[in-house]
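The sequence and structure are shown first.

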Amino acid sequence: RDGAWSAATKAALARFGVDRLDLDENWASVGSDWECPGCGRRKAELFRLTGNRVLLARLDIHHDHLGDSLKARLRDEIGTDWARRIAPGVAHFRKLGSRMLARFAPTLVCLDCNAADGTAKMRLPDIPRDFSFRPSEIRRFIMPVANGEHHVDVTAALQVFEAGRADFEKRIHFLDTIFAIIANGE
């Protein structure tokens, strides 16, 4: 689709005046007209030079970290061998439960939108680590820069979190319920 061989990638290398490229499978798997669902930038605006003059052409799969929390809790409270220590036939519920907890499906986004989620949470320690912003929510607190990193508006990010707090707390309660079902072998 749009790998190192494509006209768009070759044009970007020429435009940035470099010959080194860091291009991943996610980038190559979508066409050159792909648009990030978070920031709305097209791929031509996503190319960026690293400090050592390598052209980045990478996309990330953004996912809801709340889904990871169930496995972490099982590991922390039951042990690293939790799957062997619970009742037979219950372990599959961990994957099902994780999917039910997530506020959004894993979504291909640009590196900068994925990083903006972490930046907002790092700068706002009151936002739980397990909370993840949907791509549509990220759009509400970033200022995209063509071929550069987003500017993150932490005040807007906090407002977005506060608007979704009740939903997140319901999901935490649901996580407690799923954990109890698995731990009790129900």
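## Largest pocket

A pocket is an open set of grid points with protein on both sides within 12 Å along at least five of seven lines, and its lining residues have an atom within 4 Å of a point. The structure examined here is a predicted model.

Helix 3 and helix 5 (92-101) are the elements that give two or more residues to the lining. Helix 5 provides the largest share, with three residues. By class, four of the lining residues are nonpolar, three are polar and four are charged.

The structure holds one cavity of 30 Å³ or more. The volume of the largest cavity is about 50 Å³. Around the largest cavity lie Trp27, Arg41, Leu46, Arg48, Leu56, Ala57, Arg58, Cys110, Leu111 and Asp112.

Strand 3 (55-57) and helix 6 (111-123) each contribute at least two residues to that lining. Six of the cavity-lining residues are nonpolar and four are charged, with no polar residue among them.

Three strands form an open sheet with the order 1-3-2 and mixed pairing. Strand 1 (21-23) and strand 2 (48-49) are the edge strands, each pairing on one side only.

Strand 1 and strand 3 run parallel and are joined by three bridges. Asp22 has Leu56 of strand 3 as its bridge partner; Leu56 also belongs to the lining of the largest cavity.

In soluble globular proteins, nonpolar side chains tend to be buried together. The largest nonpolar core in this model comprises 44 residues, and Cys113, Phe133 and Phe141 have the most contacts inside it. Two or more core residues come from each of helix 1 (7-16), strand 3, helix 3 (66-78), strand 5 (107-110), helix 6 and helix 8 (154-183). Helix 8 supplies the largest share, nine residues.

Which residues does Phe141 touch, not counting residues up to four places away in sequence? They are Ala116, Ala120, Phe133, His151, Val152, Asp153, Ala156, Ala157 and Val160. Among them, Phe133 is also listed with the residues that have the most contacts inside the core.

Conventions:
Residues are numbered from 1 along each chain as its sequence is written. This is a predicted model: local features need pLDDT of at least 70, side-chain atom pairs count only at pLDDT 80 or more; totals for chains, interfaces and linings use all residues. Side-chain values use heavy atoms; hydrogens and water are left out. On a 1 Å grid over the protein atoms alone, a cavity is a set of points where a 1.4 Å probe fits but cannot get out, and a pocket is an open set with protein on both sides within 12 Å along at least five of seven lines; lining residues have an atom within 4 Å of a point. Grid points are joined across faces, edges and corners, and a volume is the space filled by probe spheres set on the points. Helices (H or I, at least four residues) and strands (E, at least two) are DSSP runs, numbered from the N terminus. Ala, Val, Leu, Ile, Met, Phe, Trp, Tyr, Cys and Pro count as nonpolar, Asp, Glu, Lys and Arg as charged, and the others, Gly among them, as polar. Two strands pair if DSSP finds at least two bridges between them. A nonpolar core is a set of buried Ala, Val, Leu, Ile, Met, Phe, Trp, Tyr and Cys residues joined through side-chain atoms within 4.5 Å. Buried means under 20% relative accessible area, exposed over 50%, partly exposed in between (1.4 Å probe, protein chains only). Contact means heavy atoms within 4.5 Å.
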